[in-house]
Amino acid sequence: MKLYSSGVYLLNGTDIVEEAKASLPVSKEEAAKNTIAYGILEAHNTSGNMEKLQIKFDKLTSHDITFVGIIQTARASGLEKFPIPYVLTNCHNSLCAVGGTINEDDHMFGLTCAKKYGGVYVPPHQAVIHQFAREMLAGGGKMILGSDSHTRYGALGTMAMGEGGGELVKQLLSQTYDINMPGVVAIYLKGSPRPGVGPQDVALAIIGEVFANGYVKNKVMEFVGPGVAGLSADFRIGVDVMTTETTCLSSIWKTDDTIEEFYAVHGRPEDYKELNPGAVAYYDGCVEIDLGEIKPMIAMPFHPSNTYTIDEVKANLGDILADVEKRAQVSLGGKVPYSLKEKVVDGKLYVDQGIIAGCAGGGFENICAAADILRGKNIGCDAFTLSVYPASTPIYMELAKNGVLAELLGAGAVVKTAFCGPCFGAGDTPANNAFSIRHTTRNFPNREGSKVQNGQISSVALMDARSIAATAANKGFLTSAEEYTGEYTGQKYFFDKSIYENRVFDSHGIAEPETKIQFGPNIKDWPQMPALAENLVLKVVSEIHDPVTTTDELIPSGETSSYRSNPLGLAEFTLSRKDPAYVGRAKEIQKAENAILNETCPLEAVPELKPVMDVIHQTYPSVGKGNLGVGSTIFAVKPGDGSAREQAASCQKVLGGWANIANEYATKRYRSNLINWGMLPFLIPAGELPFANGDYLFFPEIKKAVQEKTEQITGYVVKDGALKPFTVTLGEMTDDEREIILKGCLINYNRK
């Protein structure tokens, strides 16, 4: 794999010419317009300025961890009808045993809203969000926005993006998605995958090369080159969905007869569109990949970028496990004992659990290939277990018809319905100290459902379904699929659309305003959120120095699922795995803001504020009643990697958070979530911090700084009887984003 150090030109879709060596009759600026990405963005841009995009999407999609909050936000902002197709799937909060009937209340909320506002409702266990989108929503040259970070349908010619709920609310209110024109990086594929190598292997190889160096961060990955043609639609989809883990903005692929056949099989031939770059296309970078050189891969805990070949792990087992244990001490803060050395048996790594599931692993070809490897074998009767989750009921049905289901069950696998649970800790949580290999999307700390706060820890490695099956056939000892020497049957897929016709509610865009929304006791409105005050006093209530902080660490998944529709209930879990004292600290200082809202004295509500204000008044005597806001902030080096769910920010907001302070934001979507919830996305240079956890910070005239687009903002640490200055920035923001912060949140900005 080669990463080019500068831009490249792609000639006729096949030949790479480095920018420095190019002598072409077309300018770089004109050639940049010949990428597939540029054409799609131009067709959806409403600003008239291709440097400052204002995008309107063709369709929206959400699942049941996010759609309640999104619709509640849109309702509070005056929603009357879904202006474009909006699909509500139920693949996260599916297990109604978790929290009793609370989850089913959310589902009924979704169904009645789909009727009232003119949407589409996919019942639980029918399909995971992204498989339904592939089967029923994607279209060549279209754009889809989803409230899940793995909203990626580029392999089908659809540019899709995963964002926090606030961005979907804007689309529901006929507003736009505002970004600068992103860079476009060519992912140039050549050669063919060797036997036993699957899409997850290719995806992990790419992630391992580009995540840490930020090569494609907030850019569009455009898959081109002669190697694309040799890949099946399922293979392309399996690579594409994992591009989220590179921190790219979106992805798009050239399309051909293979993708045309995909649309035909799914009964939508009219949705196919041939997409290719122009004769001379300029890219801001290029990743050149020889598919034949990629071997079966494994991403060791605790990140998809912690990649090795399986052969490397087996050859250097002691050193690699020691490195994982060292990483664990950083991620877990030494709160629980963690060791993988006990998993080594006679020099081999023993695995406790295998899972093939979700939008990445649950595809038809992955499961069929796994069944081929397991045919005539069994997983044994020891600790190792194998669970398989087909990504949709149509896939499940075809596996039943073609005999694959019987093969898997006969081998000892458990085959379950379409559900995203294993990907975020709501299903198949391993035992304490267990090691799980998964063809899913992520392996962040505790994402599999273990609870450090209760002394429990397990860990996940990511692998392709083929090597998981080879490991299962070897009774749980880590095995590369290259060791399988049998044949792959290459089962043909037949899609049965009647399954959805019989079960999915589709309004066909016709709203029924008279429909009464069905609520439940756990579905709550958003609490009141004040506008930004002229001056801010913030208490630092958490300080995180991990290299990256994931959204799962900011607001855990799994056990919190039952509270996703209850902003205050969910907020109780904020940072519970990373900093359990956070909620108490944030609530304590929030008493001051509540006192201001109730027109009582904040110094009486929070007595420790009095000496802070005494120091401030020495220099700023006019700061006080009518011009002061009080709240909390956290510091993290690089927060926001992972999920798009807005609750990572909104939970801080409902607890009185007014800002994050970071050296860098891991993703655009997390920064957008902060802004949409009225939180200041401060940036501070890397190095020794001027403040510590528990310190009070003062930002005079912060409202004016936001209004006037002040580049360098001076804050003060209130400490030792003095104001000690430091500098932060806000980064580039649109006028609308500034107005959202000034108003206090997107709801206030839109409220009629």
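Start by selecting I179, N180, K668, R671 and E732: of the 27 residues that line the second largest pocket, these lie nearest its centre. A pocket here is an open set of points on a 1 Å grid over the protein atoms alone, where a 1.4 Å probe fits, with protein on both sides within 12 Å along at least five of seven lines; lining residues have an atom within 4 Å of a point. Before you go on, note that this is a predicted model, in which local features need pLDDT of at least 70, side-chain atom pairs count only at pLDDT 80 or more, and totals for chains, interfaces and linings use all residues. Residues are numbered from 1 along each chain as its sequence is written, and side-chain values use heavy atoms, with hydrogens and water left out.

**Around the second largest pocket**

The space in this pocket is about 730 Å³, where a volume is the space filled by probe spheres set on the grid points, joined across faces, edges and corners. Now colour strand 4 (52–55), strand 10 (177–180), helix 25 (668–676) and helix 27 (735–743), which each supply at least two lining residues. Helices (H or I, at least four residues) and strands (E, at least two) are DSSP runs, numbered from the N terminus. Helix 25 gives the most, with four residues.

**On to the largest pocket**

Next, select S232, D234, F235, E365 and Q491, the closest to the centre of the largest pocket among its 40 lining residues. Its volume is about 880 Å³. Which helix gives the most to this lining? Show helix 13 (364–374): helix 13 contributes six residues, the most to the lining.

Switch to a cartoon view and find the open sheet with strand order 31-30-28-26-32-33-34 and mixed pairing. Two strands pair if DSSP finds at least two bridges between them. Strands of a sheet pair through backbone hydrogen bonds, either parallel or antiparallel. At the edges are strand 31 (680–683) and strand 34 (722–728), each pairing on one side only.

Zoom in on strand 33 (residues 713–719), which pairs with strand 34 in the antiparallel sense over seven bridges. Pick I713, and look for its bridge partner V728 in strand 34.

Last stop: helix 21 (residues 582–597) packs on the sheet, touching strand 26 (535–544), strand 28 (628–636), strand 30 (657–662) and strand 32 (696–699). Contact means heavy atoms within 4.5 Å. The direction of helix 21 makes about 160 degrees with that of strand 28; axes are lines fitted to C-alpha atoms, for helices over the stretch in contact, and angles run from 0 to 180 degrees between N-to-C directions.
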